[in-house]
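Let's take a walk through a protein chain together, one piece at a time. Keep the sequence and the picture side by side as you read.

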Amino acid sequence: MKSPRKLLAGVVAGVVVIAGAGWAVGSRLRSPADEAARRAAPRASLVTAAVERRKLVSTVVVSGTLEYGSPLPVSLAGAVGGTSEQQRATRAPRQGRLAEGAVFLEVNGRPVFALRGSVPMHRTIAPGSKGDDVKQLQRALRRLGYGGPVSGVFDQATIAAVTRMYTKKGYEAQQPTLTDRQAYDTLRKAVQTAQETLAAEKKALDQGRDVLPLKMRLANAKADLKAAERALREAEARLVTPEDETRMAAAEAAVRAAQEKLAEAEQALAEARRPPPTPVATATPQPTASTDTSLLELRVQNAQADLAAALEARERVAEEARQAREKSLVELRKAVRTAKEAKATAEQALRQARQLSPTRLKVSNAGKDVAAAKGMLAEFARTYGTSIPPGEVVFLPKLPARVRKVSVKQGQQVEKEVATVTSSAFTVTGAVEATEAELLRTGMEAAIELDTGKTYKARLTAVGEQAKVPGAEEAKDGSEPVLITPASMKGLKPGTAVTARVTVGATKEAVLVVPVAAVITGADGRARVRVEYATDRTRDVEVRTGLTADGNVQVAGALKEGDRVVVSGA
């Protein structure tokens with residue numbers, strides 16, 4: 001029989017087992033309501049983000065490769081040298097740096113110079129040539145130290161500068177070809193022949209009997225006219241004739257003599273009429289003698305009459321001299337007119353005779369031949385002399401440049417493209433979406449980032465059509481090409497893949513920013529954000545938005561840094 005202690009232990013153990021089993025079964029068995037409550041989704045809570053204060057920068061990202069920029073295919077504008085023979089490269093272009101004034105290549109032993117300019121070489125620049133291409137050639141010569149004017153005319157001073165450039169590089173400037181020299185000599189001799197013919201015909205005309213009497217008549221008429229004009233000038237310059245001058249002198253002498261006699265008579269009369277001196281008183285009075293002045297008075301009257309007659313005679317002589325001078329001038333002027341008429345008549349007669357003369361016709365034709373020969377010589381001479389053939393200069397927009405690709409080898413015939421040149425600076429070419437391209441403006445600051453994380457300052461150089469690179473792939477539909485230029489080439493290598501970021505906007509200082517998703521635009525067009533002021537409790541705050549960048553937007557309103565704004569949730 002079991003002891004009571006063992007019986008109690010067994011009962012206790014059974015109770016524990018039964019209790020454990022009941023707990024296990026109770027933990028696994030739930031009511032339908034409990035099970036539904038357990039499986040229901042948790043109560044939704046708000047998703048918020050903090051309001052931050054920081055500087056906001058908006059960028060457009062461009063992926064591309066560092067390459068030397070502005071590739072440009074180069075071909076010659078025409079023949080090199082003054083010949084039309086086959087053009088073969090005797091020295092091909094060399095890859096690498098190409099400076100202004102350098103010999104780009106040689107064709108048939110002649111140089112092809114690289115000069116800076118936007119107007120392409122398109123013709124032979126010959127003496128007398130004018131235009132913008134000549135002016136940019138002159139500017140290049142001055143930059144290279146060869147001097148010369150900048151007039152736009154290919155004159156002798158410019159030719160001298162071109163000759164110095166060729167000589168310094170070991171070449172001779174292009175001179176007239178043998179054909180040109182022969183043509184010039186032929187035209188020069190034609191002028192000489194025409195002048196000799198004209199001189200012979202003029203001599204025959206001048207010596208012709210049909211006009212010799214008329215020529216003598218004209219010569220006599222000219223001599224008579226000169227004599228008549230000379231006599232008229234002398235008469236006009238002389239107031240009186242020598243004869244009249246003698247008569248005037250005699251009349252003047254008679255007047256002076258009459259004046260002297262009158263003065264003597266008047267003086268004698270005055271003395272006679274003067275009272276005698278007062279006599280000394282005596283005891284016996286003396287008788288007073290009276291003076292008879294009648295004779296003296298008669299003499300005065302006669303002298304006065306003589307003077308009046310002399311004055312009248314002088315006036316009469318002067319009047320006669322004046323009338324004689326006027327009459328002489330009238331006759332001399334008439335003689336001049338008559339001489340002029342005779343000269344004009346003689347000239348007309350000689351002119352008519354010459355026009356009717358066969359020899360005159362020969363002179364006229366010979367004169368026309370001389371004018372035509374001189375015109376042809378002058379036309380040819382305008383382009384005769386030292387020149388620059390169209391193929392001996394290549395104008396490039398920017399120099400120094402780099403020869404990237406050589407398209408012709410030594411000994412090959414030069415027909416089309418000879419090389420491709422690029423600028424001497426790196427560029428990054430890429431494309432952006434059209435919507436982003438609208439934000440871009442030439443000159444915007446940019447940054448170039450390498451795979452190593454190192455960045456370099458750069459600038460947006462071109463957008464759209466201006467950024468297209470010859471030979472590069474066309475941008476995809478809906479995108480626009482862009483061109484970015486680094487500020488410095490130091491540390492950069494061509495062919496490196498880079499990421500460029502163009503700054504399209506930035507705040508000047510730190511501003512309040514929130515996620516773009518936090519901004520709600522109401523039906524009234526006003527922007528708001530929902531600010532959480534307690535757990536799951538919000539209020540609307542009206543804001544003004546500004547710059548948007550990297551998913552954030554600048555805001556201003558009743559907000560402060562650290563506020564929580566709702567970006568999603570119930």
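Two residues are in contact here when they have heavy atoms within 4.5 Å. The model is predicted, so local features need pLDDT of at least 70 and side-chain atom pairs count only at pLDDT 80 or more, while totals for chains, interfaces and linings use all residues. Residues are numbered from 1 along each chain as its sequence is written, and side-chain values use heavy atoms, with hydrogens and water left out.

Start with the whole chain. It has ten helices and 22 strands; helices (H or I, at least four residues) and strands (E, at least two) are DSSP runs, numbered from the N terminus. Of the 570 residues, 31% are buried, meaning under 20% relative accessible area with a 1.4 Å probe, counting protein chains only. Take the contacts in the chain with a separation of 6 or more: 73% of them are between residues 24 or more positions apart.

Now find two helices. Two packed helices are described by the angle between their axes and the distance between the axes. Axes are lines fitted to C-alpha atoms, for helices over the stretch in contact, and angles run from 0 to 180 degrees between N-to-C directions. Helix α3 (residues 132-143) packs against helix α4 (residues 156-168) at about 55°, with the axes 10 Å apart. That angle makes α3 oblique to α4, because angles under 35 degrees count as roughly parallel, over 145 as roughly antiparallel, 65 to 115 as roughly perpendicular and the rest as oblique. Where do they touch? L137, Q138 and L141 in α3 meet T158, A161, V162 and M165 in α4. By class, this contact has five nonpolar, two polar and no charged residues (Ala, Val, Leu, Ile, Met, Phe, Trp, Tyr, Cys and Pro count as nonpolar, Asp, Glu, Lys and Arg as charged, and the others, Gly among them, as polar).

Move on to helix α5 (residues 178-206) and helix α9 (residues 358-381), whose axes come within 8 Å and cross at roughly 160°. This makes α5 roughly antiparallel to α9. Their contact divides into 17 nonpolar, four polar and eight charged residues.

Finally, look for a sheet. Four strands form an open sheet in the order β4-β11-β10-β6, with antiparallel pairing; two strands pair if DSSP finds at least two bridges between them. At the edges are β4 (72-75) and β6 (96-98), each pairing on one side only. Three bridges join β6 to β10 (residues 401-406), and G96 has V403 in β10 as its bridge partner.

How values were computed:
Buried means under 20% relative accessible area, exposed over 50%, partly exposed in between (1.4 Å probe, protein chains only).
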